[in-house]
Amino acid sequence: MRGRLLGLALGLALTIGGAQAQTGYQIDVTTTYQTAPGPGIDFGTQGSPDTGYALITNNGASTFTGMITGSGTAVGGTDVFVTTGPGFVLAPGATVKLGFGPESSNQGGFNTDGPGAPQFGIQLSINGDFTLGADTENKLLQVFDKDIHSGVPRTNPFGAVTDAYVLQGGDPFGRDTGDAYETTQANGHFQFFEKGKSTPEPTNLAMVLPMLAPLGLLIRRKRS
């Protein structure tokens, strides 16, 4: 009986001490369509004369290390694949800017869901580790252009109403909406967010001992 109780106590302590850390993060994505040179880009290609850009900002307390990518299979033009490469560091307060030139609105749209269906659009992927102090959390965060909204719906020259698809010119079907429309779109916004969570360490006896006290009492009673 005593051995079983001690085993239970040890298992409880190990379970508490072995909990996984949750560092938390806040990554804000902004999509915009501008005439060159647009925002000063870090990766990709400027517009010629205009194109879509994505700005990814770390507004959290944790540091990201990994790879940030924007990719899309074009329906009738040139595929895009813009990446920071592995090992890229995005510290708190920093922004990385991707350019999808030369003209991302003239490629027939990206990542089709089949003939006649609205497209997914360019996909942004953030794949790597978020680190805060001694804690690290691995994450894959992804969002398509169709899900990045400006909050300002407009009717485009083809009669489609949307506040998304900023990177491909503001049309769910990849049609060329014209420079005057594309460059006056409101910026799209999307946020990846996770609240940080403190977890007990293996040496945190302050939490473990109160749970073990009833077991110690049972052992003493058994001896008597």
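Here are some numbered notes on this structure, written for someone new to reading models.

1. **What you are looking at.** This is a predicted model, in which local features need pLDDT of at least 70 and side-chain atom pairs count only at pLDDT 80 or more, while totals for chains, interfaces and linings use all residues. Residues are numbered from 1 along each chain as its sequence is written, and side-chain values use heavy atoms, with hydrogens and water left out.

2. **The overall count.** The chain has three helices and 12 strands. Both are DSSP runs numbered from the N terminus: helices are H or I with at least four residues, strands are E with at least two.

3. Of the 224 residues in the chain, 42% are buried. Buried here means under 20% relative accessible area, exposed means over 50%, and partly exposed is in between (1.4 Å probe, protein chains only). The chain exposes about 11100 Å², and carbon and sulfur atoms supply 57% of that. Those areas come from the Shrake-Rupley method with a 1.4 Å probe; for residues, only the protein chains shown count as cover.

4. **Who touches whom.** Take the contacts (heavy atoms within 4.5 Å) between residues at least 6 apart in sequence: 65% of them join residues at least 24 apart.

5. **A five-stranded sheet.** Follow the order β2-β7-β3-β1-β12 and you have walked across an open sheet with mixed pairing. Its edge strands, each pairing on one side only, are β2 (43–45) and β12 (188–194). On average, neighbouring strands of this sheet are turned by 20° against each other, direction ignored. The angles are between axes, which are lines fitted to C-alpha atoms (for helices over the stretch in contact), and run from 0 to 180 degrees between N-to-C directions. As background, strands of a sheet pair through backbone hydrogen bonds, either parallel or antiparallel.

6. **Zooming in on β1 and β12.** How many bridges join β1 to β12? Seven, and the two strands run antiparallel. For strands to count as paired, DSSP has to find at least two bridges between them. Strand β1 covers residues 25–35, and you can look for Thr31, whose bridge partner in β12 is Gly188.

7. **Glu182, tucked away.** Is Glu182 buried or exposed? Glu182 is buried, with a relative accessible area of 0%. You'll find Glu182 in helix α2 (residues 179–182). Leaving aside neighbours within four places in sequence, Glu182 is in contact with several residues, including Asp50, Glu103, Ser105 and Tyr33. Tyr33 is 149 residues from Glu182 in sequence, yet their C-alpha atoms are 6.3 Å apart in space.

8. **A salt-bridge network.** The structure holds four salt bridges, each being a side-chain nitrogen of Lys or Arg within 4 Å of a carboxyl oxygen of Asp or Glu. Glu137, Lys139 and Glu194 are linked in a network of them. Lys139 reaches Glu137 with the closest N and O atoms 3.7 Å apart, and Lys139 meets Glu194 at 3.5 Å, N to O. Lys139 lies in strand β9 (residues 135–144) and Glu194 in strand β12, so this pair ties together parts that are 55 residues apart in sequence. Lys139 is partly exposed at 24% relative accessibility, whereas Glu137 is buried at 10% and Glu194 is buried at 13%.

9. **One more pair.** Lys146 and Asp147 also meet in a salt bridge, at 3.2 Å from N to O. Lys146 is partly exposed at 25% relative accessible area, and Asp147 is partly exposed at 31%.
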